[in-house]
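The structure comes first, followed by the terms used to describe it.

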Amino acid sequence: MKFFGKAKVLAFLTAAALVLAACGGDGGSDSSDLETPPSDEAKSISALTITGPASISFNGNAVLTATATTTGSPTLKYTWTITSGGDYAYFNAAGTTNSTTTTNTVTLKANNTTTSAQTVKVTVTAEDTSDAMVTKTSSAYSITVAKKGETVTNAVTGVTLSVDKTSIAASGATATFTATPATTGNPTITYTWAITAVDEKSATSSVYATLSGSGTTATLTSKNTTTSSHTVTVKVTASYGTNPKTAIKTVTIEAASEENDDPAETNGATLSLTFLNGDNDLTVTAASSSSGYTFTAIPPSTTASYTYAWYVISAAGKATKQTSTEKTCTVASSADIAKIFVTATESGNDALVYSAEYGL
């Protein structure tokens, strides 16, 4: 390898791989050997709730959303019913107090001609389109319709955040976050999702998980390679106008197996590589500290002096040069780091360059 035109450095890294293979018999079988596939999970609806604005103008619109908790993946249709206050609001056309939809939203249209604010109550029933026995009806949702001539300011008054799992496996597992806003009127809300802390320390990203958010939901995907668990804090910001509302939730990323060695968890572990332009090895040790990972280069000679260059390699393969030119380098625990790469150039002989990497 040619490194910055100084020297060709060839590294040999020996890794052991364990391959597990499962072998069958002689390849022949009759029907008695075949397992009966498991039946589909029974369909059910365990919970059904309605969210929407707390109040709307006398002639305003409110978008109501039904959220169903299901098993067995039923295909749902929704029947919305105004159970109280039908003189002050309707679906679709004036006087219509019922609406059936194939989506989980409906628009409630206000029409209050009285001199007092009125309360309208709505329920929704979810039903599987192929099995009418799979059904659930929500509790009544109340919304206040302003008196005739009075308008309600569109605003976000708060937001709550829920997550379907508070702890997930080390790698490839997901936790789904759902934001539920509290509003008045019918604001168009913008949602922003972010990782704000790792292990209770402020951070904008994590080496243990990635976050992808859109609208009212976001997914955290784990990628922890260390032998310790880590907590990741996720924040949602619901914005409309100049008064955004926020909420946070924390998820624990479980520890990886012992085979997944991480420098933060294997204090003093060493990786040694041999290079053709020298008889000695450059080695790297790694240790954890409160500020992150501390890497130390051990040069081939104890009598010569060296200038060091450190690079953090991200999971995507992007190299970021670090400021340290000394034999130690500290990297924050929140950094996107897949490996560390270091070169040691012997003073007075810049053609002699050693390099090593430490893979996480």
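## Basis and terms

Two strands count as paired if DSSP finds at least two bridges between them. Strands (E, at least two residues) are DSSP runs, numbered from the N terminus.

This is a predicted model, in which local features need pLDDT of at least 70 and side-chain atom pairs count only at pLDDT 80 or more, while totals for chains, interfaces and linings use all residues. Residues are numbered from 1 along each chain as its sequence is written, and side-chain values use heavy atoms, with hydrogens and water left out.

## Confidence

The average pLDDT (the predictor's confidence in each residue, from 0 to 100) is 80 for the protein, and 80% of the residues score at least 70. Residues 1-39 have a pLDDT below 50, and this stretch has 35 contacts in the model beyond near neighbours in sequence. A contact means heavy atoms within 4.5 Å.

Over residues 258-280 the pLDDT also stays under 50, with 75 contacts in the model beyond four places in sequence. Where pLDDT is low, the predicted coordinates should not be read in detail.

## Sheet β27-β26-β29-β30

This open sheet has 4 strands in the order β27-β26-β29-β30, paired antiparallel. Its edge strands, β27 (319-321) and β30 (353-359), each pair on one side only. From one strand to the next, the twist averages 25 degrees; axes are lines fitted to C-alpha atoms, and angles run from 0 to 180 degrees between N-to-C directions.

β29 (residues 339-346) pairs with β30 in the antiparallel sense over 7 bridges. I340 has Y358 of β30 as its bridge partner.

## Sheet β14-β16-β20-β19

Another open sheet of 4 strands runs β14-β16-β20-β19, with antiparallel pairing. β14 and β19 (209-214) stand at the edges with a single partner strand each, so one side of each is left without a neighbour in the sheet. Neighbouring strands are turned by 20 degrees against each other on average, direction ignored.

β19 and β20 (residues 217-223) run antiparallel and are joined by 6 bridges. T210 is bridged to T221 in β20.

## Largest pocket

A pocket is an open set of points on a 1 Å grid over the protein atoms alone, where a 1.4 Å probe fits, with protein on both sides within 12 Å along at least five of seven lines; lining residues have an atom within 4 Å of a point. The largest pocket has a volume of about 780 Å³, volume being the space filled by probe spheres set on the points. It is lined by 25 residues, of which T51, T65, T67, A179 and T216 are the closest to its centre.

β4 (44-51), β6 (61-71), β14 (155-163) and β16 (171-184) are the elements that give two or more residues to this lining. β16 gives the most, with 6 residues. The lining divides into 11 nonpolar, 13 polar and 1 charged, where Ala, Val, Leu, Ile, Met, Phe, Trp, Tyr, Cys and Pro count as nonpolar, Asp, Glu, Lys and Arg as charged, and the others, Gly among them, as polar.
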